[in-house]
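I opened the notebook to look up two things today.

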Amino acid sequence: MSNTGDQKYYIKYTNVEDGIARFTLYKNNTAIRGFNERIENVPDEYDIGDYFSTQINSKEPDEAYFSPENLDFDPGLTEQKRNENEEVIDEFKRLQSSAEKELEE
């Protein structure tokens with residue numbers, strides 16, 4: 001991840017819809033901006049759910065930062081975020097199961 005002062009930026013490949021790849025820019029773990037790219041401009045090795053480091057060296061990133069060729073796949077961040085997502089899903093299922101059992105009683 002790139003730092004600008006204490007700001008940490010990264011990008012997630014969010015989804016594909018109607019031939020458009022959707023990405024989300026995060027700053028300090030908060031989604032701050034979405035951007036789109038035609039799917040044919042996205043490298044084949046990118047997968048939905050991948051995370052990318054980005055070199056943002058200004059307070060207001062410009063469009064050049066969002067070009068697929070400027071994205072730097074971050075396998076460590078991708079694994080970390082996927083594990084966090086799995087933990088949230090597992091916790092949700094546990095709570096849902098607990099609530100269903102309470103309703104049955």
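Before placing anything in a helix, I noted the rule: helices are DSSP runs of H or I with at least four residues, numbered from the N terminus. The model is predicted.

**Entry: charge**

I looked up Glu-100 and found it in helix 1, residues 75-104. Is Glu-100 buried or partly exposed? Its relative accessible area is 42%, so I logged Glu-100 as partly exposed. I then checked for like charges around it. Glu-100 gathers with Glu-102, Glu-104 and Glu-105 in a surface patch of negative charge.

**Entry: rings**

How many aromatic pairs does a search of the whole structure find? I got 6. I followed up Tyr-10 with Tyr-26, which is a stacked pair. The ring centres lie 5.0 Å apart, with 10° between the planes. This pair links distant parts of the chain. Tyr-10 sits in strand 2 (residues 7-17) and Tyr-26 in strand 3 (residues 20-27), 16 residues apart. I checked burial too: Tyr-10 and Tyr-26 are both buried.

Next I took Tyr-10 with Tyr-51. Their ring centres are 5.8 Å apart and the planes meet at 50°, so I logged this pair as tilted. Planes under 30 degrees apart would count as stacked, and over 60 as edge-to-face. Tyr-51 belongs to strand 5 (residues 51-53) and Tyr-10 to strand 2, so the pair ties together parts 41 residues apart in sequence. Tyr-51 is buried, as is Tyr-10.

Notes. Residues are numbered from 1 along each chain as its sequence is written. This is a predicted model: local features need pLDDT of at least 70, side-chain atom pairs count only at pLDDT 80 or more; totals for chains, interfaces and linings use all residues. Side-chain values use heavy atoms; hydrogens and water are left out. Patches are made of residues with over 30% relative accessible area and no salt bridge: like charges are joined within 9 Å, nonpolar side chains (Val, Leu, Ile, Met, Phe, Trp, Tyr) within 5 Å. Accessible areas come from the Shrake-Rupley method with a 1.4 Å probe; for residues, only the protein chains shown count as cover. A salt bridge is a side-chain nitrogen of Lys or Arg within 4 Å of a carboxyl oxygen of Asp or Glu. Lys and Arg count as positive and Asp and Glu as negative; His and the chain ends are not counted. The place of a charge is taken as NZ of Lys, CZ of Arg, CG of Asp or CD of Glu. Helices (H or I, at least four residues) and strands (E, at least two) are DSSP runs, numbered from the N terminus. Buried means under 20% relative accessible area, exposed over 50%, partly exposed in between (1.4 Å probe, protein chains only). Rings of Phe, Tyr and Trp (its six-membered ring) pair if their centres lie within 6.5 Å; planes under 30 degrees apart count as stacked, over 60 as edge-to-face and the rest as tilted.
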